Amino acid sequence: MAVNESIFLSAHEAHGQQSVQRCDDCGHDLDERDASPACPKCGGLLAIIHRAPLDVMGAPLEPKAVQHAFVQHCCAMPMGHPSGVWRFESLVMPTAGDAITSHPEGNTPLMERPRVATWAGCEGLLLKHEGYNPTGSFKDRGMTVGTTQAVRTGATAVACASTGNTSASLASYAAQAGIPGLVFVPAGKVALGKMAQTLAYGAKTLLVKGDFDACLRLVQDASRELGIYLLNSINPWRVEGQKTIVFEILQQLGWDAPDFIVLPAGNLGNTAAFGKALREAKALGLIAKVPRLVSVQAAGAAPFAKGFREDFAQRYTVQAETIATAIRIGDPASWDRAVRAIRETNGMVLSVTDDEIVDAKVQIDAAGVGCEPASAASVAGVKQLVRDGVIRAGDRVVAVLTGHVLKDPGMLVELHQQRADFAQANRPVEIDASVAAVERVIAESRV
Ligand code: F0G
């Protein structure tokens, strides 16, 4: 049974520190600069526990003052930071100082797109597009913090296992920090855009003969035995950075929380981070009510959805297969944390088929927004909840789009140019270089 129930460090526990790393399983505390990938006593996952933001006299700040500080911190140079992660520094890594490695990242749009909302049957749907981050996915929010920790602990190399986005992000941030990066990806199962980025940014790329779950086991062993700093989402600082997706959504909505936040789920790092963010936001009085968190898995990679249907009586693993390669994961590492996030928010876990994912993606793409396949699982999930009567008229729903449309160009070319059974295919037309040929195409397609 987890003993990590405290949300913020008490003055008594703090001993002058702003933050500690605490084991989820045995409650053992580590210094915030300790580079251990897991609890040295019992092997449990580490979480960051901060002191709640204080005023100059050392008293807890009022909620309005905390919200105001986020706004001020956004633009008030030289103390402020233009990053949508570091603006929330007091709840992420208050002692980062000069070690910060930032593009900057975050500050992603919350979009209203009636076409997508109508298709999903949810008028109050907003899309939080994390594909607008510097490497095109939400991973940059965790990576800026994880890399900052790597810098301030003097790491000589950083590593991760990845389905592609984490590796692209690690490669970029490691390059910026000047630390060698090593990534473990499943051979033949990484989308083209992600692989191209990883190579371009210069990380040493290992194509592992196995799936993501095998990559994760391997990188954990390698980092333990070779002393390489691990930057997967079990890294507690990655979680701190990813919390800012939720803080930014809440801030964009004037701290008037939506009814639902819906996100795609694979390794469950993001579900865990969203749960922690909401727990902290509620504890600080930044929001009056907690939105219901909905994690959406691909049907061929849905061990967590299976667990949810049985009230999480046991932990499942599956052999994962889905078109949404980002979430092709069968043994999610942050299971227990994600269970807590779903339970605390009266949340839900869904599974959607690959066809439902593609249908949702086609709508998002055709609205001019675009996203990678895994991201569309969130909108497919919204449609399912509307159909099942869980989301009702008047509900305000935020669906998170986790990655950019250019992440997976191979899938799009296949869909639009090669698949005979795809009714909405937008086939390119080869023509002679003449106006007459253009005219014929216009007449035929009624452009
Ligand atoms: N969406 C995208 C685009 C992702 O890349 C991932 C995870 C997820 C959703 C799921 O997030 O794992 O925290 O539940 N990608 C990881 C990677 C596994 O290696 O890039 P999660």
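1. Before you start, residues are numbered from 1 along each chain as its sequence is written, and side-chain values use heavy atoms, without hydrogens or water. Because the model is predicted, local features need pLDDT of at least 70 and side-chain atom pairs count only at pLDDT 80 or more, while totals for chains, interfaces and linings use all residues.

2. Let us begin with the overall shape. The C-alpha trace of the protein spans about 80 × 50 × 50 Å along its principal axes. Of its 447 residues, 56% count as buried, that is, under 20% relative accessible area with a 1.4 Å probe, protein chains only.

3. Now look inside. The largest nonpolar core has 65 residues; such a core is a set of buried Ala, Val, Leu, Ile, Met, Phe, Trp, Tyr and Cys residues joined through side-chain atoms within 4.5 Å. Among those touching the most other members are Val158, Leu250 and Phe304. Helix 8 (residues 236-252) gives this core its largest share, 6 residues; a helix here is a DSSP run of H or I, at least four residues, numbered from the N terminus. Apart from this core lies another, of 34 residues, including Ala298 and Leu385.

4. Lys139 places a polar side-chain atom 3.0 Å from a ligand nitrogen atom.

Conventions. Buried < 20%, exposed > 50% of the residue type's maximum accessible area, 1.4 Å probe, protein only. Helix = DSSP H or I, 4+ residues; strand = E, 2+ residues; numbered from the N terminus. Polar contact = N/O pair within 3.5 Å; in protein donor to acceptor, adjacent residues only side chain to side chain.
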